[in-house]
Amino acid sequence: MSANTESVELVGDEVVGNVARAVLFAAATAATAPVDLVHPLAPNVPITLQTLWVYLSGIVLGPIWAGFAFVLYILAGLIGLPVFAGANAGLGVLLGPTGGFLVGFPLAAVTIGVVTHGFDGIDPLSQVPISRMVAGLVVGSAVVYAAGAVGFSLVQSVGLLASVSAVVVPFLPVAALKMAATVAIVRSDAIVAR
């Protein structure tokens with residue numbers, strides 16, 4: 001006996017495409033994370049492009065696949081691939097002073113996706129109002145920075161207010177630039193499907 005498998009589709013094309021896009025976002029984040037700058041007001045927390053990828057993934061991939069992309073990214077770092085800021089890896093980074101930011105990445109990506117697109121699919125980017133994108137980016141940034149501040153506070157044994165002053169406030173102008181870049185990239189004619 002033989003089974004006819006010609007009409008069996010194990011995984012749909014849409015799922016394969018979404019997984020591929022999520023992997024690309026995780027890889028892009030990993031590729032740019034080793035490039036970090038020291039912030040003169042906060043030398044313990046590097047400036048990287050990681051949050052730019054979080055922002056873009058939430059808007060481009062939507063909540064489910066953006067969250068998946070950053071779970072993959074964190075898992076890659078946990079198994080030892082040097083994908084975190086400064087080409088670091090391992091559980092020690094996740095449990096270190098900046099580990100809260102990493103925990104915040106998938107949460108923020110999901111949040112941005114939900115605020116931008118809702119729960120029931122992904123709207124064409126050309127039809128998403130800029131105000132909704134910006135709202136998603138602001139809320140998503142709040143998630144990343146809240147997680148980062150709480151993590152820093154716990155690991156460094158400092159109060160939450162001191163943590164916010166050290167690792168959030170100095171980075172707000174950088175976050176605003178990344179949000180503006182995200183909207184500009186998403187609205188550019190180069191990436192809008194035709």
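In which kind of crossing, left-handed or right-handed, does α2 pass α4? Keep that in mind during the tour, which goes through a predicted model where local features need pLDDT of at least 70, side-chain atom pairs count only at pLDDT 80 or more, and totals for chains, interfaces and linings use all residues. Residues are numbered from 1 along each chain as its sequence is written, and side-chain values use heavy atoms, with hydrogens and water left out.

Select residues 99–117, which form helix α4; helices here are DSSP runs of H or I with at least four residues, numbered from the N terminus. The expected span of a helix is 1.5 Å times one less than its number of residues, so the 19 residues of α4 should span 27 Å, and this agrees with the 28 Å between its end C-alpha atoms. Now move to F105, where α4 bends by about 35 degrees, with the proline P106 following within four residues; the bend is the angle between axes fitted to the seven residues ending there and the seven starting there. Just after α4, find G118, which takes a positive phi of about 85 degrees.

α2 and α4 pack at an angle of about 130 degrees, with their axes 7 Å apart; axes are lines fitted to C-alpha atoms, for helices over the stretch in contact, and angles run from 0 to 180 degrees between N-to-C directions. The two helices, α2 and α4, are therefore oblique to each other, given that angles under 35 degrees count as roughly parallel, over 145 as roughly antiparallel, 65 to 115 as roughly perpendicular and the rest as oblique. To return to the opening question, α2 passes α4 in a left-handed crossing, which is one where the near helix is turned anticlockwise from the far one by less than a right angle, while clockwise makes a crossing right-handed.

The contact (heavy atoms within 4.5 Å) includes Y55 and I59 of α2 and M179 and T182 of α7.

The crossing of α5 and α7 is right-handed. Among the residues that meet are L137 and Y145 in α5 and M179 and V183 in α7.
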